[in-house]
Amino acid sequence: MSESTEPAGPGGGLTTGEVARRLGVAPTTVRTWDHRYGLGPDRHTGGRHRRWTPADVARLERMCALTATGIPPAEAARLARDGTRAAEPPAGPATPDAPSRPSRAGSGLRLGDARQECKGIARAALRLDAAALDRLLLDAIREHGLVAAWTEVIVPTLQAVGRKWESSGERYVEVEHFLSWHVSGALRRAAPDTVPDRPSATVVLACVPGDHHTLALEVLSAALTERGIPVRMFGGALPVESLLAAVRRTGPAAVALWAQSRTTASRPLAQHVASMEWGVRGARRSPLVLTLGPGWSGRPVPGTARPHGLADTVHALEGLATR
């Protein structure tokens, strides 16, 4: 993705491109946070270009730090604007006018003021009610769409179940496994038919070796397929040689590598994939490599992109695949 080329203005402050480089995110992410969550500069410094002051940048740095802990973007933006910090990542996004106190709503999970769908899904998961869980998950996807259902309903519920398991001496492991399995099934049922290959448009999705957390890639696969983008999904813990062979055989526009933990996130692997080339001499191509998941947090991997959240990832890949 291209950097902003806005010139520095006489009024001082940083351009959007400079802020993006400082934060290690794409300029489109900064603009999205501005337009969607009101995290733009407090004032213009002259002309039509926006200039970011140290206070503006500090607000964005809080946004980055909060989203990196798993807080949904809307809630992270509210906290960043208020200048407050979260003691722990909330289970779900708060509505603008909702109080911040947690509500158990009969589920036994700290869901905060999440959507009503979260509470219903949590109750069904705790009861191990397969039929109800499938119905609620599919209803949420149909009502809100894949991206919004994942971000605003499914992820908060998964996070709440995970915290319940961690705080209860592993008493709820079966609930977490049960919920994850049914989320995976709902994503597959909600996804449209596989999109045929198009030259230079395929996206390869894989977990790095040693990582088996596939749910985020499954929803990304479904969202891209919904937008007519051909996907090759390889799932969890793909061995290095198999990943390299898949890239060579498909010649993809992009490769998305998921790492849940820093212990599995291999910077040399990501850089090696980004340096791979194919095609005739004089017109050789390389894939855009996206490093996804909390394992890649911290210093950016040179030569790769790190979009923040599912919506930004889909937007970046949609633009690349339709060029």
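Which side chain meets that of Asp129 in a salt bridge? The close-up views below, taken from a predicted model, begin with this pair.

**View 1. Salt bridge between Asp129 and Arg127.** The partner of Asp129 is Arg127, and their side chains meet with an N to O distance of 3.4 Å. Asp129 has a relative accessibility of 26% and counts as partly exposed. Arg127 counts as exposed, because its relative accessibility is 52% and the cut-off for exposed is over 50%.

**View 2. Salt bridge between Arg189 and Asp134.** The side chains of these two residues meet at 3.2 Å, N to O. Arg189 belongs to helix α8 (residues 173-190) and Asp134 to helix α6 (residues 130-144), so the pair ties together parts that are 55 residues apart in sequence. With a relative accessible area of 48%, Arg189 is partly exposed.

**View 3. Salt bridge between Asp139 and Arg135 within helix α6.** The closest N and O atoms of this pair are 4.0 Å apart. Both residues lie in helix α6, with a separation of four residues, about one turn of the helix. Asp139 is partly exposed, its relative accessible area being 35%. Arg135 also counts as partly exposed, at 46% relative accessibility.

**View 4. Network of salt bridges that includes Arg142.** Salt bridges link Arg135, Asp139 and Arg142 in a network. The pair from the previous view, Asp139 and Arg135, is part of this picture. For the model as a whole, the count comes to seven salt bridges, among them the one between Arg189 and Asp134.

Terms used. Residues numbered from 1 in each chain as written. Predicted model: local features only at pLDDT ≥ 70, side-chain atom pairs only at ≥ 80, totals over all residues. Heavy atoms only, no water. Buried < 20%, exposed > 50% of the residue type's maximum accessible area, 1.4 Å probe, protein only. Helix = DSSP H or I, 4+ residues; strand = E, 2+ residues; numbered from the N terminus.
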